[in-house]
There are 2 protein chains.
Amino acid sequence: MEKTNVLIIGGGASGLQAAITAKSNYPEKSVVVVRQEEKVLVPCGIPYIFGSLHSSDKNILPDKMLTDVGVEIKIAEVTDVDIENKTCNLSNGQKIYFEKLVFATGSIPTVPKWLKGGSLENVFIIPKNKIYLDEMQAKLKPLKKVVTIGAGFIGVEMSDEMNKAGWDVTLVEVEPSILNKAFDKEFGDKAEELLKSRGVKVITNNGVKEIVGKDGKVSKVVLSSGQELEADAVILSVGYVPNTKLAEKSGIELNKYGFIKTCEYMRVENCSKDIFAVGDCAEKRDFLTRKLNGTMLASTACAEARVAGMSLYELSPCKSFSGTIAIYDTAIGDTALGTAGVIESKATEESFSVVVGSFTGMDKHPGALEGMHPQTVKLIVAADCGMIIGGEVYGGSSVGELTNTIGFLIQSHTNIKTLLTAQIGTHPLLTGSPAAYPLIKAAEIVAKKLKR
Amino acid sequence: MEKTNVLIIGGGASGLQAAITAKSNYPEKSVVVVRQEEKVLVPCGIPYIFGSLHSSDKNILPDKMLTDVGVEIKIAEVTDVDIENKTCNLSNGQKIYFEKLVFATGSIPTVPKWLKGGSLENVFIIPKNKIYLDEMQAKLKPLKKVVTIGAGFIGVEMSDEMNKAGWDVTLVEVEPSILNKAFDKEFGDKAEELLKSRGVKVITNNGVKEIVGKDGKVSKVVLSSGQELEADAVILSVGYVPNTKLAEKSGIELNKYGFIKTCEYMRVENCSKDIFAVGDCAEKRDFLTRKLNGTMLASTACAEARVAGMSLYELSPCKSFSGTIAIYDTAIGDTALGTAGVIESKATEESFSVVVGSFTGMDKHPGALEGMHPQTVKLIVAADCGMIIGGEVYGGSSVGELTNTIGFLIQSHTNIKTLLTAQIGTHPLLTGSPAAYPLIKAAEIVAKKLKR
């Protein structure tokens with residue numbers, strides 16, 4: 001029987017990151033990644049396969065990142081895990097003994113059971129599966145009218161990229177605004193405006209009743225309002241569920257949403273101390289509300305995987321994961337939107353008393369510089385103690401890193417007053433002006449409200 | 001005699017910011033800014049007047065920022081300050097009584113006294129003065145060969161912009177690498193390579209001996225090595241000195257470099273508690289070495305001005321300025337470089353034991369995406385305690401905000417270990433990949449070295 005010190009099940013972002021971190025922290029240990037896919041896709045790059053990248057071949061996570069540091073890759077399915085005896089059976093007949101095991105089995109797209117017509121030809125989901133997506137891309141090629149259902153990040157980015165590539169796209173969302181889990185309505189409305197200006201038809205406040213077929217193929221989508229949309233294809237982007245069947249079969253405890261229960265060191269709860277879970281399959285808690293949370297992000301997955309990789313043989317109280325902050329961004333044309341921590345509507349709904357401040361400036365200065373984009377920063381701050389608990393950003397291509405700045409401010413429990421005297425760097429071509437830097441100006445607005 | 005609660009001398013970035021903050025924090029107080037210039041230039045935008053912006057008219061700090069909040073502007077020179085009686089005399093014959101006074105008199109470019117030929121026609125400096133710069137631009141128009149002396153930020157940006165606009169530019173620097181105060185040599189060398197690839201001739205390790213004239217006009221520049229450069233014009237960008245003659249005349253104490261001595265609340269030392277100084281004219285200390293520091297930045301000036309503006313009538317221990325971190329960036333074409341805190345060579349020179357980590361990744365992911373730029377992050381960390389004390393960044397247009405992230409990490413005394421488990425946000429079009437985000441990877445390299 002083969003033996004390894006560390007066995008990681010799953011080769012997506014979290015599996016890859018767990019393997020690299022394990023090998024980096026424990027170079028003398030052997031690390032094996034078992035995964036089903038020959039080639040692994042960059043998860044967040046998937047929508048871009050359908051537009052900017054043209055092909056999934058340009059969206060591959062390089063195996064070199066693993067093999068260069070001495071991680072072994074096995075292409076197979078893990079069919080059974082024996083937690084007690086620390087062995088796994090693989091689909092290729094192999095059996096592996098492990099010292100430490102990491103579940104990094106990811107997530108799979110949801111197809112709502114109530115949805116009539118969900119199994120018609122040309123109804124697609126977005127799994128992180130190259131073979132499926134390549135076939136889907138080929139099938140979509142001759143088709144014209146596409147209806148995307150669900151305006152989260154995947155739905156929005158798929159719609160925008162497919163519109164850009166020439167498809168006639170309608171995006172349908174049941175909630176009053178798009179991207180509503182990540183952004184307050186004023187930001188969602190801006191994103192909606194942008195999509196529309198680029199040619200995507202957007203319908204909000206309207207659910208899907210039924211997908212209607214003709215000769216077994218999609219022909220139209222009927223909305224709750226009764227409106228009918230002609231369609232050659234439907235893309236379902238209504239969410240993902242954790243892929244935890246193998247874990248469940250192995251006797252591992254799942255939470256009520258189907259995630260593997262884990263502790264702050266990413267060890268599986270009520271289990272041997274040698275079993276870990278990371279990424280989309282692992283339980284998440286909101287850093288603020290402390291409630292279970294279903295937000296799945298490759299970046300969060302990688303943070304969890306780093307914690308697990310460092311904690312395999314040795315725990316440290318300063319290396320733990322204390323709740324998901326959910327930092328993420330999207331881009332529509334030359335505009336980008338970013339979010340970190342809680343949004344205002346969510347905070348209020350959860351009974352936090354918050355004060356917010358929003359400021360719109362420019363992302364270059366003076367404004368006459370070519371390529372200048374307006375930039376808005378909104379900060380969400382706890383009213384009683386001044387702690388920054390969330391931020392939303394609208395602007396140009398620097399939004400990604402600016403959102404990360406806000407993410408770090410949240411993670412270090414920064415008080416809003418700290419920003420009032422903070423030193424920043426500014427440059428005409430790279431940032432807003434020092435006297436009107438939106439992050440600082442938004443902080444000043446919040447501080448003034450708190451003073452009253 | 002006219003009276004005002006707050007009088008600010010100088011209308012540049014720091015004067016403007018001090019006035020806005022004062023009015024925002026003490027709306028019932030009257031605030032007057034006295035300045036000499038009809039129109040104030042955006043200081044960091046000055047090099048772009050000669051290229052991208054074409055004209056200084058597109059690089060004006062809008063008075064609206066002041067007048068909108070009720071700040072009064074007076075165009076005049078302050079000729080005398082009577083600290084004891086709290087009055088100022090203006091060049092227009094007016095006398096003003098003030099309760100609080102802020103010096104924001106800025107800085108002026110240096111012309112080295114030893115430089116032979118410094119007063120020839122077509123030898124230019126770069127003052128923050130619209131009238132001078134407009135005349136200079138007109139004079140430069142028919143000329144061809146320009147030699148820039150001094151490769152700090154202004155010298156580099158002037159050279160790049162003038163080269164872009166069609167002048168034949170040679171940049172001369174006496175030190176072995178350009179931008180050497182802000183960047184370690186490996187970053188300076190990259191900047192040099194870039195400038196050269198764009199057509200700027202760069203000569204390092206070579207000082208200027210003499211500027212030679214013909215008929216009173218510049219004709220060539222002679223270097224220490226004996227090399228001679230034909231030149232129609234010379235631009236001196238060898239530094240700035242604080243503009244503190246008025247303060248000195250008023251009996252205010254200057255430090256040995258000519259800056260107004262100030263405390264952490266930006267109050268003038270050994271003086272009435274009602275007198276403040278901010279920006280280029282005010283004393284600066286390095287946040288780490290605690291030594292006097294001469295770095296002049298509009299962004300730092302604005303941070304100081306915010307502290308002063310908040311502290312005019314009321315001090316708070318959490319609103320003070322504890323030393324300049326010097327966060328700044330520059331851009332050369334589609335490449336940008338940023339720096340925050342101390343660089344490695346400076347830390348070593350000052351006897352700090354440091355560990356550094358450097359990682360090069362991409363600023364988009366996958367790398368096949370259009371416009372992807374390699375991104376390098378170098379972190380400088382105190383060896384004994386793990387505190388992040390500096391960072392340097394090379395990359396695309398997101399460098400400005402990424403450098404600010406590092407700036408915040410330094411300001412909040414972040415331990416390098418914090419980054420190992422930090423959550424970040426990533427997006428294909430906006431940032432590096434979650435598994436190879438250069439800031440985190442650089443931190444991992446440092447942490448590994450510290451562990452040994």
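## Burial and overall shape of chain A

In this predicted model, 55% of the 452 residues of chain A count as buried.

Chain A carries 12 helices and 24 strands.

## Helix 6 of chain A

Let's zoom in on one helix. Helix 6 of chain A covers residues 185–197 and reaches 18 Å from its first C-alpha to its last, close to the 18 Å expected for its 13 residues. Phe187(A), Gly188(A), Ala191(A), Glu192(A) and Leu195(A) are its buried residues. Looking down the axis, these buried residues fall within an arc of 140°, so they line one face of helix 6. Lys196(A) and Ser197(A), on the other side, are exposed.

What covers the buried residues of helix 6 of chain A? The cover includes helix 5 (153–164), plus strands such as strand 10 (168–172) and strand 24 (388–395) of chain A. After helix 6 comes Gly199(A), with a positive phi near 110°.

## A parallel sheet in chain B

Over in chain B, five strands make an open sheet with parallel pairing, in the order 8-15-9-10-11. Strand 8 (123–124) and strand 11 (201–203) of chain B sit at the edges with a single partner strand each, so one side of each has no neighbour in the sheet.

Strand 10 (residues 168–172) of chain B is joined to strand 11 by three bridges. Leu171(B) has Val202(B), in strand 11, as its bridge partner.

How values were computed:
Residues numbered from 1 in each chain as written. Chains lettered and ligands numbered in written order. Predicted model: local features only at pLDDT ≥ 70, side-chain atom pairs only at ≥ 80, totals over all residues. Pairing = 2+ DSSP bridges. Helix = DSSP H or I, 4+ residues; strand = E, 2+ residues; numbered from the N terminus. Buried ≥ 20, exposed ≤ 12 C-beta atoms within 10 Å, placed from the backbone. Expected span 1.5 Å × (residues − 1). Arc of directions from axis to C-beta. Contact = placed C-beta atoms within 7 Å.
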